[in-house]
Each structure stands twice: as C-alpha cells, then as structure tokens.
Amino acid sequence: MSRKKKTTKSFVNFKMSDEVYKNRRKVLNFIYELKNEGFKLPRIDVRIGEDKKCSILGRARLKDNIIWITQKAINHGDMELRTTVYHELLHAIFGCNHVKGCPI
C-alpha cells in the first residue's frame, strides 16, 4: 500500500500547534456538517498552511481525498471558509475540474 503524498507544489504545511489544530478543526467541522446531513464522504486529509507563489484559498489533489486550506481562507470568515472547503472537496473526492462561469 502506497502512502499518500502530503505536500503539493508551492504549498507549505504549517507545523501542528494549538492555533493550527484549532483552524484544522474549523475545516473538519464543515466536513462533518456534510456527513451529518447524510452525505457519505471518504476520510479527508486536511492540511493548513500557506501558498508561497499564489494568493489562493485552497488546493486539492483530484480524486485523492486530501485538501490544503490557507490561513487566508480561514481569516475570511466562516462563510468564505465553508465555500472554499466545499469547493476543494469537489476536487478531492469527485475529481471535478474548474468550470468557467460556475460560482463554486
């Protein structure tokens, strides 16, 4: 069984701390909301950090059940963070690509 690569491109994962743990829990709470609504989701790996090259809010590896969320997304507030998490889940779980004109 191969191990999943936990890094991506220019994204730097923050080392675990009380603050990183708190922010990771915020992201996981949005995933648990979906599960509590009856969505059957696989286990999602969540990483918190920053992207050194782009001013993005998050990243995901297509169909690989891992998402990276930036501190910038967390700082935007819960509504923006929820939208970012849901967006990245579409990539990570279903392998959806970006669609021009799609609000998500």
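**Close-up 1. Helix 1 and helix 3 sit roughly perpendicular to each other in this predicted model.** Here we're looking at helix 1 (residues 18-36) and helix 3 (residues 78-94), whose axes come within 10 Å and cross at roughly 65°. Angles of 65 to 115 degrees count as roughly perpendicular, so that's the label this pair gets. As for handedness, helix 1 goes past helix 3 in a right-handed crossing.

**Close-up 2. Zooming in on the residues where helix 1 meets helix 3.** On the helix 1 side you'll find K26, V27, F30, I31, E33 and L34. Facing them from helix 3 are D78, L81, R82, V85, Y86 and L89. Sort the residues of this contact by type and you get eight nonpolar and four charged, with no polar ones.

**Close-up 3. The largest pocket holds about 380 Å³ of space.** Its lining is made up of 21 residues, and the ones closest to the pocket centre are G58, R59, A60, E88 and H98. By type, the lining splits into eight nonpolar, eight polar and five charged residues.

**Close-up 4. Which elements give two or more residues to the lining of the largest pocket?** They're strand 3 (58-61) and helix 3. Helix 3 supplies the largest share of the lining, with six residues.

How values were computed:
Residues numbered from 1 in each chain as written. Predicted model: local features only at pLDDT ≥ 70, side-chain atom pairs only at ≥ 80, totals over all residues. Heavy atoms only, no water. Axes fitted to C-alpha atoms, helices over the stretch in contact; angles between N-to-C directions. Helix = DSSP H or I, 4+ residues; strand = E, 2+ residues; numbered from the N terminus. Parallel < 35°, antiparallel > 145°, perpendicular 65-115°, else oblique. Left-handed = near helix turned anticlockwise from the far one by under 90°. Contact = heavy atoms within 4.5 Å. Nonpolar A, V, L, I, M, F, W, Y, C, P; charged D, E, K, R; others polar. 1 Å grid on protein atoms, 1.4 Å probe; cavity = no way out; pocket = protein on both sides within 12 Å on 5 of 7 lines; lining within 4 Å. Points joined across faces, edges and corners; volume = space filled by probe spheres on them.
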